[in-house]
Amino acid sequence: MPATPRSASLLAGLLATAGVAHFVAPRQFDAIVPRSLPGRARTWTHISGAVELALAAGIASPRTRRASGLAAAGFFVAVFPANVRMAYDWREKPAPQKAAAYARLPLQLPLVRWAANVAADARR
């Protein structure tokens, strides 16, 4: 499925919203930082939020859209372990929260494909 300029704008908006959320409500993100990462969870929360904001800016600009789309696809793969941790940690939560945590797992693949399609479309 080819991406469109609107698709790129929507992806940039999603990334920007998520990036801002990492700074406005960091506690929820701190909780899913894999324990194997060195340092404080809050540091990783802020780093990932800053990366999402940078990716959003890069995708929003046609000049940097291809590289940023590829980087976003890689980023979505890289944060998958955090989603796995969330699903594991939330296995005892009430059904709606547990369902949300489990639903995030298969949603990573469409995000990776979306970002890759945005990158591919920018090449044309």
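1. Which residues have the most contacts inside the largest nonpolar core? They are Leu11, Leu15, Ile59, Ala72, Phe76 and Ala115, in a core of 15 residues. Two or more residues of this core come from each of α1, α3, α4 and α6. In soluble globular proteins, nonpolar side chains tend to be buried together. The model is predicted, and the points below should be read with that in mind.

2. Overall fold. The protein chain has 6 helices and 0 strands, and its pattern along the sequence is α-α-α-α-α-α. Its radius of gyration is 15 Å, close to the 14 Å that the globule rule gives for 124 residues, so the chain is as compact as a globular protein of that length. The C-alpha trace spans about 45 × 30 × 25 Å along its principal axes.

3. Burial and contacts across the chain. Of the 124 residues, 33% count as buried. Among contacts between residues at least 6 apart in sequence, 65% join residues at least 24 apart.

4. Helix α1. This helix takes in residues 5-24, which is 20 residues. From its first C-alpha to its last it reaches 28 Å, close to the 28 Å expected at 1.5 Å a residue. Its buried residues are Ser7, Ala8, Leu11, Ala12, Leu15, Gly19 and His22. They lie on the same side of α1 because they cover an arc of only 135° around the axis.

5. The buried residues of α1 pack against α2 (26-30), α3 (41-60), α4 (65-78) and α6 (95-123). On the face turned away from this buried side, α1 carries the exposed residues Arg6, Thr17 and Val24.

6. Gly13. This glycine is also in helix α1. Is Gly13 buried, partly exposed or exposed? Gly13 counts as partly exposed because its relative accessibility is 31%, and the buried class requires a value under 20%. Gly13 and Gly74 are 61 residues apart along the chain, and their C-alpha atoms are separated by 18 Å.

7. Phe76. As noted in the first point, Phe76 is among the residues with the most contacts inside the largest nonpolar core. With neighbours within four places in sequence left aside, its contacts are Leu11, Leu15, Gln108, Leu111, Val112 and Ala115.

8. Gln108. What does the side chain of Gln108 make a polar contact with? The partner is the side chain of Asn83, at 2.9 Å. Gln108 is in helix α6 and counts as buried because its relative accessibility is 9%, where buried means under 20%. Leaving aside neighbours within four places in sequence, Gln108 is in contact with Phe76, Val79, Phe80 and Asn83.

9. Ser68. This serine is in helix α4. Which residues does Ser68 contact, leaving aside its neighbours within four places in sequence? They are Leu55, Gly58 and Ile59. Ile59 is also one of the residues with the most contacts inside the largest nonpolar core.

Key: Residues are numbered from 1 along each chain as its sequence is written. This is a predicted model: local features need pLDDT of at least 70, side-chain atom pairs count only at pLDDT 80 or more; totals for chains, interfaces and linings use all residues. Side-chain values use heavy atoms; hydrogens and water are left out. Helices (H or I, at least four residues) and strands (E, at least two) are DSSP runs, numbered from the N terminus. The expected span of a helix is 1.5 Å times one less than its number of residues. Buried means under 20% relative accessible area, exposed over 50%, partly exposed in between (1.4 Å probe, protein chains only). The arc is that of the directions from the helix axis to the C-beta atoms. Contact means heavy atoms within 4.5 Å. A nonpolar core is a set of buried Ala, Val, Leu, Ile, Met, Phe, Trp, Tyr and Cys residues joined through side-chain atoms within 4.5 Å. A polar contact is a pair of N or O atoms within 3.5 Å; within protein, one must be able to donate a hydrogen and the other to accept it, and residues adjacent in sequence count only if both atoms are side-chain atoms. The radius of gyration is taken over C-alpha atoms; the globule rule is 2.2 Å times the number of residues to the power 0.38.
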